[in-house]
Amino acid sequence: MESLSMWEATANKRKEREQLQGEEQCDVVIIGGGYSGLSSAYHLQKKNVNTIILEKWRVGSGASGRNGGEVLTGYIGSMEAWEKKKGLEAAKKMWQLSLDSIDLIQNIIKEHSIDCAFKRNGDFFAAYKPAHMDALKRDQEYMARVMNYHDIKVVEKKDLHSEMNTDFYHGGRIDAGSAHFHPLNYAIGLAEAAEGLGAKIYEQSEALKVERDARNKVIVTTPNGRVIADQLVIVTNGYAGDINQTIKRSVIPIESIMIATEPLPEELVEDIIKKDRAIHDTKRLLYYFRRTADNRLAFGGSGRASSKRDQRNLFDHLHAGMLNVFPQLKDTRIEYRWGGKVGFTKDMIPYIGQLEDGAHYAFGYCGHGAAMSSLFGKMIADNITNEEVEDNPLIVNQLKPIPFHSQHAKAVGILKFYKKLQDAIS
């Protein structure tokens, strides 16, 4: 399913990086060249800790370069629900982390002049059913009263056309704290920033095996070489292979698919999405979409396919969904179709921590990785350098593999069918 993405086709020029050949040594070896790994290297190099990143394909080839580019506040579910699960203080810290994550990205982009069309115009959470507006209003009141967060505004159905030219939704809410960007260009820029500080990045260099020697040094073997390091970071997220079975069995990769139109006339794209916000909706099998810097509509949804015919059907259904939202695009050509894997955890929140052997990890961003993963990379760097880290409610002290993990694909298919049915009848 991972065909050429619109982001790859419109990306900034990037360098061709070498494969690892022979033996290298460093302080920290990082497996995974997405946002988490790049941010870990970037922040470690700022502390004069020498790093090497091993990337199986190219920088940003996984979710970091294939996502919708929606840099959103929060997590799956309301903060009121997280307060009930985690307690008030933990919920407040979680919310602050989500805000800090976007501030961090904005500061990195500004400091290094990364050309990735970053805009902090907020997001619009669109109500799929009239009843969903009640929950959005309750959330606005809770966030203002309990979290002291006043950047959320409810938009009634009668005012929806101030945000979007569609009758598909029944209002929604704006959160001014969110942003959007060209996700692959951000990854490319972050990689260059890390290299500018001394990091080494090897592409087409899959980590095949991890061992420890008598001195407790980490040895990571690739097809043509190996890296010897003091510490190890594994940040493969939904693309976790067999390099570590505990991590692999603790994350569920779920396919997400996207389509992108041809460039639209400026007056049309400005009419369908008025304020250039990142948009997502309250459907259980949600849609998410936005304008791009070159005036396309990028439109995403849930996907899972086992054959080329299934893939075609999924993309056709997504295209039909786009036309349900914006029927005025019926004569618009779709130029790109692509998919990728989103990493989910059992608890529906991202995990960060250390394995029993000391390896650092972060994964399971549950659709919020564009925002959270850069911050998690910084947290890993802080942990490695023994910086004083505030109590973090997302730290997992011991990973517990998901039961029947090998059957996750079948279970996800059943769950998606159930959610589709809920969308139809709820």
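**Figure 1. Contacts across the whole predicted model.** In the protein, 74% of the contacts with a separation of 6 or more are between residues 24 or more positions apart. The model shown here and in the views that follow is predicted. Its secondary structure consists of 12 helices and 18 strands. The radius of gyration is 21 Å, close to the 22 Å given by the globule rule for 426 residues, so the protein is as compact as a globular protein of that length. The C-alpha trace spans about 70 × 45 × 45 Å along its principal axes.

**Figure 2. Burial and surface of the protein.** Of the 426 residues in the protein, 55% are buried. The accessible surface of the protein comes to about 18800 Å². Carbon and sulfur atoms account for 48% of that surface.

**Figure 3. The largest nonpolar core.** This core has 69 residues, and the members that touch the most others are Tyr75, Met79, Phe181 and Tyr186. Helix H5, which covers residues 88–111, gives the most to this core, with 10 residues.

**Figure 4. Surroundings of Tyr186.** Neighbours within four places in sequence are left aside in this view, and the contacts of Tyr186 are then Tyr35, Ile105, Ile108, Ile109, Ile114, Cys116, Phe181 and Ser374. Phe181 is, like Tyr186, one of the residues that touch the most other members of the largest nonpolar core.

**Figure 5. Ser374 in helix H11.** Ser374 is placed in helix H11, which runs over residues 369–384. The relative accessible area of Ser374 is 0%, so this serine counts as buried, the limit being under 20%. Apart from neighbours within four places in sequence, Ser374 is in contact with Tyr35, Ser39, Leu104, Ile105, Tyr186 and Leu190. Tyr35 and Ile105 are also among the contacts of Tyr186.

**Figure 6. Cysteines Cys26 and Cys366.** Cys26 has a relative accessible area of 10% and is buried. Cys366 is buried as well, with a relative accessible area of 4%. A disulfide is a covalent bond that joins the sulfur atoms of two cysteines.

Terms used
Residues numbered from 1 in each chain as written. Predicted model: local features only at pLDDT ≥ 70, side-chain atom pairs only at ≥ 80, totals over all residues. Heavy atoms only, no water. Helix = DSSP H or I, 4+ residues; strand = E, 2+ residues; numbered from the N terminus. Buried < 20%, exposed > 50% of the residue type's maximum accessible area, 1.4 Å probe, protein only. Contact = heavy atoms within 4.5 Å. Core = buried A, V, L, I, M, F, W, Y, C linked by side-chain atoms within 4.5 Å. Rg over C-alpha atoms; globule rule 2.2 N^0.38 Å. Areas by Shrake-Rupley, 256 points an atom, 1.4 Å probe, with all protein chains shown as cover.
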